[in-house]
Amino acid sequence: MDKIGVLVTHKPLPYLEQELTRRGCRLFRLWESPESCRLEFCRENSSEIRAIVGNSNFGADAATIDALPKLEIVASFSVGLDKVDLPKCKERGIRVTNTPDVLTDDVADLAIGLTISVMRRIPSADKYARSGAWKKGEYTLTTRFSGKRVGILGLGRIGLAIAKRAEAFDCPISYYSRSEKPHPNYTYYSTPVDLASNCDILVVACALTEETRHIVNRAVIDALGPKGVLINIGRGPHVDEPELVAALVEGRLGGAGLDVFENEPHVPEELFALDNVVLVPHVASATIETRTAMADLVLGNLEAHFLKKPLLTAVV
Amino acid sequence: MATTTCTTNTPKIEEKPKVLVLQRINAYFEGVLSPHFDLIKADESSLPIPAFLSTHCRHIRALLVMAPIGTFGSSLLDQLPSLGLIACTSAGVNHIDVDACRKRSVAVTNAGEMFTPDAADHTVGLLVDVLRRVVMADRYVRNGSWMLIGDYPLGSKVSGKRVGIVGLGSIGSHVAKRLTAFGCPISYFSRAPKPNYPSYTYFPNVLDLARESDVLILSCALTDETRNIINRDVMIALGKDGVIINVGRGALIDEPELVRCLKEGVIGGAGLDVFVNEPEVPEELTHMENVVLSDHRAVTTPESFKNVLELAIANLDAFFSGKPVLSPVSC
């Protein structure tokens, strides 16, 4: 990949940066420009940029693609492609790859971990145990996770991995999907509200598209109810965030474990005082092992493209 | 001959069996138990315990012990000559001198498997939270650092980690089932291999188990053999990326040594629900970011308590009816 110009939209894993450089790529670090100057930065370097390495925060929108006439491939450091203008890429003949499968386990692990952390109040237990306020013989009652009904929005790779783990906790599994899937052990519901009405824990695990934006809305939150728990490891815009915040603050929803937010890194401050929520900064794939595997997929896809070989994980 | 009859002429009400309670009993427990039993509450008497026992408890046949605090041994048993059963609502019975009970033919019952699902769930929760840094990441968000500083440091993958379970009893086997679904290969140390679990690898000692594991789960009873079973050698064998999760009893681990090993980076992290001298938590732990601590809450859910109380009632009923108890402690 000698001398190939690669626009990197976000501060990359050191391993990825080293490998791109080692293979001779010329890196253009978009995140180092202030937001208002980024399009200009693209235009200034457009004669060289043939590839973009994007992520879940900044992929390749229409304006960026238009500013880069030599762009051939967008290799996203993510599985979600909601930040890539796919129709435009298709129109321009630009290839698009993502990082499926390698992050499935991490995301599913975190979904279950967040669920237990919310229901058993682990962050506040930790704070209490460190505080010196713990008195002999005192205990705090929290709710059992095992056996609770788990409802999954989207039964793709990640949804199935979550289901597999939850089954080991004897949780009955139900799901909503665009169409019913061949999983006779899992109960299908044809609308998100029906799913929410029939589960104790609702997990968002579908792709973000125009159809799934705000799939968790006021009606779904009401259906989930004051004992229900919402877990979002999808995308912030899956959930109507102001409605979610109001429901949590007012006690109309039992709890939430959130890895993603509508406007990261902004997190609604009203949530900070609540001990029935667990908030993490978009870390569902954030382990050394997985990020290295994701980097290898990005490198593999880029290399395959420039060597005119079949791409590893092409979406377009 | 005329006999004096009671003017109210009420039918004879069968007396509820008497059950002695030496600890303070909370309203919920009392509410569930008192319809079935006449609770003799020592802490409501103005008499000191020895006087209370000798005055009121010579005929007491059953004792209810709730919190696993204090010691229940020979000196107490000597003051309860009619005792036949100690019914515990905890899983652990290290606070009961089970040998002394056996010598006096006093049965001891515990919570059986009623706490198992919650204990297993909490174990998995602690493990994910340690490896994926959930508690610290939650703090990072709440104190505004995500906005100010940027991305949080990477954690470590849970799926596929080699899990070593110390004590493959009820809780250990439930943890194994859950972590198997995370793709974790399971090994264990136990007094003897368990033929029911052929897919789990048996190790004859904890040191070998630690050497071949990334994570050690402590889910065994506290006995003379298991006290300080996790010592420095075991922690060195576990290694610098290794994690210990303890939902058993604090004294399973050499606690000062654990603190040293965490400080020195001999092991990578720990999730602890129990401590040697609760509610005291070693001060140095309270400043560490690679640990997750909780206040002995692995089993405190309404679901568990309801089940445990039902089991206690069933044990007491069986005992008072001369039938075998349901959850005797195996020695």
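Helices (H or I, at least four residues) and strands (E, at least two) are DSSP runs, numbered from the N terminus. Helix 5 of chain A is followed by A:Arg121, whose phi is positive, near 55 degrees. The model is predicted: local features need pLDDT of at least 70, side-chain atom pairs count only at pLDDT 80 or more, and totals for chains, interfaces and linings use all residues. Residues are numbered from 1 along each chain as its sequence is written, chains are lettered from A and ligands numbered from 1 in the order in which they are written, and side-chain values use heavy atoms, with hydrogens and water left out.

**Annotated domain**

- The unreviewed UniProt entry annotates residues 113-284 of chain A as "domain: D-isomer specific 2-hydroxyacid dehydrogenase NAD-binding". UniProt positions are given in the numbering used here, feature names are shortened, and annotations may be inferred rather than shown by experiment.
- Over residues 113-284 the chain is 29% helix and 15% strand. The end C-alpha atoms of that stretch are 10 Å apart.

**Helix 5 of chain A**

- Helix 5 has 16 residues and reaches 23 Å from its first C-alpha to its last. That is close to the 22 Å expected at 1.5 Å a residue (1.5 Å times one less than the number of residues).
- Helix 5 is mostly covered, with 15 of its 16 residues buried. Buried means under 20% relative accessible area, exposed over 50%, and partly exposed in between (1.4 Å probe, protein chains only).

**Salt bridges within chain A**

- The structure holds 43 salt bridges over all chains. A salt bridge is a side-chain nitrogen of Lys or Arg within 4 Å of a carboxyl oxygen of Asp or Glu.
- A:Glu17 pairs with A:Arg29, the closest N and O atoms being 2.8 Å apart. A:Glu17 lies in helix 1 (residues 14-22) and A:Arg29 in strand 2 (residues 26-29), so the pair ties together parts 12 residues apart in sequence. A:Glu17 is partly exposed at 22% relative accessibility, and A:Arg29 is partly exposed at 27%.
- A:Asp275 pairs with A:Arg121 at 3.7 Å between the closest N and O atoms. This pair links distant parts of the chain, 154 residues apart. A:Asp275 sits in the loop between strand 11 (255-258) and strand 12 (277-279), and A:Arg121 in the loop between helix 5 (104-119) and helix 6 (122-131). A:Asp275 is partly exposed at 45%, and A:Arg121 is partly exposed at 22%.
- A:Asp200 pairs with A:Arg149, with the closest N and O atoms 2.9 Å apart. The two residues lie in separate loops, so the pair ties together parts 51 residues apart in sequence. A:Arg149 is partly exposed at 33% relative accessibility.
- A:Arg218, A:Asp222, A:Glu243, A:Glu250 and A:Arg252 are joined into one network by salt bridges that share partners.

**Interface of chains A and B**

- In contact (heavy atoms within 4.5 Å) are 62 residues of chain A and 60 residues of chain B.
- The two chains bury about 5200 Å² between them, 59% of it on carbon and sulfur atoms. Buried area is the accessible area (1.4 Å probe) that two parts lose on being put together, summed over both.
- A:Arg130, A:Trp134 and A:Arg144 supply 17% of the area that chain A buries against chain B, more than any other three residues.
- Seven salt bridges cross the interface. B:Arg132 and A:Asp106 meet in a salt bridge at 3.6 Å, N to O.
- Helix 5, helix 6, helix 7 (157-167), strand 12 and helix 11 (288-306) of chain A each supply at least two residues of the side that touches chain B. Helix 5 gives the most, with nine residues.
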